[in-house]
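Visitor: Hi, could you walk me through this one? I'm new to reading structures.
Guide: Gladly; here is what we will be looking at.

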Amino acid sequence: MIRSICFVVAAALAGAALQPAPAEAQQNFSRAVRIVVPYAPGGTSDILARLIAPKLQEAIGQAVVVENKPGGSGNIGADAVAKAPKDGHSLLLLDVGTLALAPSLFPDLTFDPQKDLAPVGMIMFAPYVLAVSPSTPAKSVAELISYAKANPGKLAVANSGIGGMNHVTPIRIAKALGIEWKNVPYRGGAAATRAVVAGESQVIFNGVTATLPFVKNNQLVGLAVSGPERLKSAPDLPTFDEAKLPAGDAGTWQGLMVTAGSPPELVAKLDTELKKMLASPDIAQKIADLGGTVKADGPAAFRTWFADNVKTLGAVVRENGIKGE
């Protein structure tokens, strides 16, 4: 009798072992996941977060909520994720180039991006268009450089705010080429673009989606585009490399990060699911609609890229005495 009971119990346990584990145990996500976007709704980071959230929710079997925490040049939202529980349930989606600038721009930063945040994966790269006001006597990069050298300090370069990538980029270029121009901050990229269209400032380095329509409407003169290749939507624009301009990697780099110290298996799951999403044609098309290209680099490549940019961009900030706002 006892032997029979033991056999039944053993059989039941063996049968249970053969059953698939509950979804929660398989994926290790135990509750809702939040994606923090450290900017106001409507921007590129916000659009991307709301694009991937439902797909990630389906993949992990838990709710995925997008939370906008704007302010402090993105540092408020980044700080929230940096100080969140180390359980993989708090994610950060933002322009990681801007985040790489933060340690050198803000000496009193309350977190360390390299120590307190861990990379999950890159999402997209969107290049910058170099454009000038039609009133500017330069219709090519060579003419712009020649004019800037002959007229030091005369050209005003509009940017979306002190310490942003499109502020640091013209500083990098001016230093490398030995030219001098004024950097004029505006309240956001739209205001900066309008200022160049109006001739209030003469030069701008800005995202493709926001800038190219003005080039196509002849309100701005496009001179070059950053990134590794010419734009399909504007094939006549040479790349920075072709035009002999430095900072060919300038642009918007969007990536996904997680609180450092989160379980490696959860980070690996997020990386795997993110790569699947980015491989789908519909996501790739939506990223293209934003003026970008898919960048599916995983944690290792992302970490190397980020460390290189913290070092390179930090040197530009320190050498030029740039202070964040």
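Visitor: How many Å separate the centres of domain 1 and domain 2?
Guide: Taken over C-alpha atoms, the two centres are 27 Å apart, where domain 1 covers 33–125 + 252–320 and domain 2 covers 127–243, with bounds from an automatic or database domain assignment. This is a predicted model, in which local features need pLDDT of at least 70 and side-chain atom pairs count only at pLDDT 80 or more, while totals for chains, interfaces and linings use all residues. Residues are numbered from 1 along each chain as its sequence is written, and side-chain values use heavy atoms, leaving out hydrogens and water.

Visitor: And how many residues of each domain are in contact?
Guide: In domain 1 there are 13 residues in contact with 14 residues of domain 2, contact being heavy atoms within 4.5 Å.

Visitor: Which salt bridges does the rule find across that interface?
Guide: The rule finds zero between domain 1 and domain 2, looking for a side-chain nitrogen of Lys or Arg within 4 Å of a carboxyl oxygen of Asp or Glu.

Visitor: Switching topic, is Ser 201 buried or exposed?
Guide: Ser 201 counts as buried because its relative accessibility is 1%, and buried means under 20% relative accessible area with a 1.4 Å probe, protein chains only.

Visitor: Which side chain does Ser 201 join in a polar contact?
Guide: The side chain of Tyr 186, at 2.9 Å; a polar contact is a pair of N or O atoms within 3.5 Å, and within protein one must be able to donate a hydrogen and the other to accept it, with residues adjacent in sequence counting only if both atoms are side-chain atoms. Beyond its neighbours within four places in sequence, Ser 201 is in contact with residues including Ser 133, Ala 156 and Val 184.

Methods. Buried means under 20% relative accessible area, exposed over 50%, partly exposed in between (1.4 Å probe, protein chains only).
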